[in-house]
Amino acid sequence: MKVNSISNQNFKGSFGEKTVGFITKHPALLATLAGSSVIAQKVVMSASEATIGPAMDIGIGKTITKITDEKDGRTKQSSKVQAVRTFSQAVGGTIVGVVIRGLCIAAATALCMKAGEKAGEKLGDKFSDKFAGIVNKGLNENSSKYKKISNASAWGKNIGGAVALLVMLVTNFVIDAPFINFINKNATKFVKNIGAKVKKPQNSDNAKEVK
Amino acid sequence: MAADMQKTGKGVWELLRKCSPNPKDAGNTLLCLNAIGMLFAAASNTTATAIDKNTRPEDKKFLIPAGVATGVANIGIYFLMTRKLIKYLEKSAANYVDNMGDKLADKATDFAKRAINKAEKGIFKKPKLAVAMKKAFFENGNLSDSITETAKEAYKDNVKAAASVAGAFAGAVIGCSILTPIIRDVSAYFVQKRMEKNNPDLKNEPHKPYYDPSRVGTGLYNRKQFPSMTSYMAFANKNLNGRMKV
């Protein structure tokens, strides 16, 4: 008994306990996190990538230059160009990624809801038992219905997220690539204006080939 | 041999089950989808190098393993680190909820009312879900009546899901904003130096983004057009490192 209380006390002060405590104190945060889909993950990930990523690139460039005692500073310069590129990639990738994920999830959720209604209880039970690991046996009718609806919604979210990955294998080349290039071009100009030393390309072969 | 295969099969099935949309495993689902996305991106770009006719075969011998190694290191560390974090937070959540005692009913009631209100009046209205929740969470479907065991279970599931999603988000932020730049930039430095050693002409090139071996574009040296795919060609040729991200 004593051992249990000591371990509980220790646990209460742990990082995990504090984090969970913070989340439960804010019901809006709890609901948002619990209902998050890949869209939220993409936004969180890209926002951090757009802000921390470029700083990391520049920092690593400087460190490598210092450690290797590189005289021409190519790595340092490359890291600045890479920093702009990282930013553009995060911004462009997020806009396209969120739209495509949103569309796929909306479509998949609608289909799952309809499929659930049409197929009736048998399919719902099968999905729940086999995949979701939720056993509906022993639940009353009301609880079972709630679980089925919430499961259909969760299925939609995750199937949509998975389908979006496949769709984006194509859209990455068709939409993302030119869009990111456009952002990158403008971001580089902006960086130049505020004084970052990004060297101008020495030839314009690239531009000609793109046309 | 057969036992090993069975074990592997069970492992794969377990992983697939983990990726399945169980509300209790929300964090793992996000982690798996993100890792698969990263895998697709790294694999696509490395494949692009392998099939690119403009990259010299002797360079491919180095670029392809370098691309695979960088991709595996990046995705592997991200996956293992995030998985640990999610497990830890899920355990913390389970312990926290178990120790809530009398507060659990109050918290679950608040949460249930909030969820029903959101389903009824939120931006994305879900009237059927709202009705189902009312009946499942409150005795006789009346908000002023006492709460059911299903509501308490749902609250516990949501706390666990929220904790695991927080873990997945933290892992994604650390993985993509700190881990990826380190692995990418450091490996890129060595790849770039080796490329410059083998191709002295590259030293005269203007400064480009890092040459990332796991996100390789086509036509690094010989900027000929990639046949038939205009956008891909534009993307890869213009930037010399067709980084693709899913």
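User: Which helix does A:Asn186 lie in?
Analyst: A:Asn186 is part of helix 6 of chain A, which covers residues 141-193. Keep in mind as we go that this is a predicted model.

User: Is A:Asn186 buried or exposed?
Analyst: A:Asn186 counts as exposed, because it has 12 C-beta neighbours inside 10 Å and a residue with 12 or fewer is classed that way.

User: How far apart in space are A:Asn186 and A:Ser88?
Analyst: Their C-alpha atoms are 9.2 Å apart, although 98 residues separate A:Asn186 from A:Ser88 in sequence.

User: Okay, zooming out. How many helices and strands are there in chain A?
Analyst: Chain A has 7 helices and 0 strands, giving the pattern α-α-α-α-α-α-α along the sequence. It has 211 residues, and 40% of them count as buried. Among its contacts with a separation of 6 or more, 73% are between residues 24 or more positions apart.

User: And how many helices and strands does chain B have?
Analyst: Chain B has 7 helices and 0 strands, running α-α-α-α-α-α-α from the N terminus on. Of its 246 residues, 47% count as buried. For contacts with a separation of 6 or more in chain B, residues 24 or more positions apart make up 66%.

User: Let's talk cores. Which residues have the most contacts inside the largest nonpolar core?
Analyst: They are B:Ala112, B:Met133, B:Val159, B:Ala162, B:Ala163, B:Val165 and B:Ala166, in a core of 63 residues. Helix 6 of chain B, residues 149-198, gives the most to this core, with 13 residues. The core also draws at least three residues from each of domain 1 (1-30) and domain 2 (37-199) of chain A.

User: What does B:Ala163 touch, leaving out residues up to four places away in sequence?
Analyst: From chain A, B:Ala163 touches A:Val20 and A:Ile23. From chain B, B:Ala163 touches B:Leu89, B:Glu90, B:Ser92 and B:Ala93.

User: Which residues are buried in helix 2 of chain A?
Analyst: In that helix, residues 15-25, the buried ones are A:Gly16, A:Glu17, A:Thr19, A:Val20, A:Ile23 and A:Thr24. Seen down the axis of helix 2 of chain A, they fall within an arc of 165°, so they line one face of the helix. The face turned away from that buried side carries the exposed residues A:Phe15, A:Phe22 and A:Lys25.

User: You mentioned B:Leu89. Where does B:Leu89 lie?
Analyst: B:Leu89 is in helix 3 of chain B, residues 57-98. B:Leu89 counts as buried, with 27 C-beta neighbours inside 10 Å. Not counting residues up to four places away in sequence, its contacts include A:Gly16, A:Thr19 and A:Val20 from chain A, as well as B:Ala163 and B:Gly167. Its C-alpha atom is also 9.7 Å from that of B:Ala161, 72 residues apart along the chain.

User: Next, at what angle do helix 3 of chain A and helix 6 of chain B pack?
Analyst: They pack at an angle of about 75°, with their axes 8 Å apart. Helix 3 of chain A and helix 6 of chain B are therefore roughly perpendicular to each other.

User: Which residues meet there?
Analyst: From helix 3 of chain A, A:Leu30, A:Leu33 and A:Ala34 meet a set in helix 6 of chain B that includes B:Asn158, B:Val159 and B:Ala162. In helix 3 of chain A, A:Leu30, A:Leu33 and A:Ala34 are buried. They cover an arc of only 95° around the axis, which puts them on the same side of that helix.

User: Last stop, B:Pro181. What does B:Pro181 touch?
Analyst: Setting aside residues up to four places away in sequence, B:Pro181 touches A:Gly53, A:Met56, A:Asp57 and A:Ile60. B:Pro181 is found in helix 6 of chain B and counts as buried, with 26 C-beta neighbours inside 10 Å.

User: And A:Asp57, buried or exposed?
Analyst: A:Asp57 is buried, with 26 other C-beta atoms within 10 Å. A:Asp57 lies in helix 4 of chain A, residues 38-68. Apart from residues up to four places away in sequence, A:Asp57 touches A:Ser79, A:Gln82, A:Ala83, A:Thr86, B:Pro181 and B:Asp185.

Key:
Residues are numbered from 1 along each chain as its sequence is written. Chains are lettered from A and ligands numbered from 1 in the order in which they are written. This is a predicted model: local features need pLDDT of at least 70, side-chain atom pairs count only at pLDDT 80 or more; totals for chains, interfaces and linings use all residues. Helices (H or I, at least four residues) and strands (E, at least two) are DSSP runs, numbered from the N terminus. A residue is buried if 20 or more other C-beta atoms lie within 10 Å of its own, exposed if 12 or fewer, and partly exposed in between; C-beta atoms are placed from the backbone. Two residues are in contact if their C-beta atoms, placed from the backbone, lie within 7 Å. A nonpolar core is a set of buried Ala, Val, Leu, Ile, Met, Phe, Trp, Tyr and Cys residues joined through C-beta atoms within 7 Å. Domain bounds come from an automatic or database domain assignment. The arc is that of the directions from the helix axis to the C-beta atoms. Axes are lines fitted to C-alpha atoms, for helices over the stretch in contact, and angles run from 0 to 180 degrees between N-to-C directions. Angles under 35 degrees count as roughly parallel, over 145 as roughly antiparallel, 65 to 115 as roughly perpendicular and the rest as oblique.
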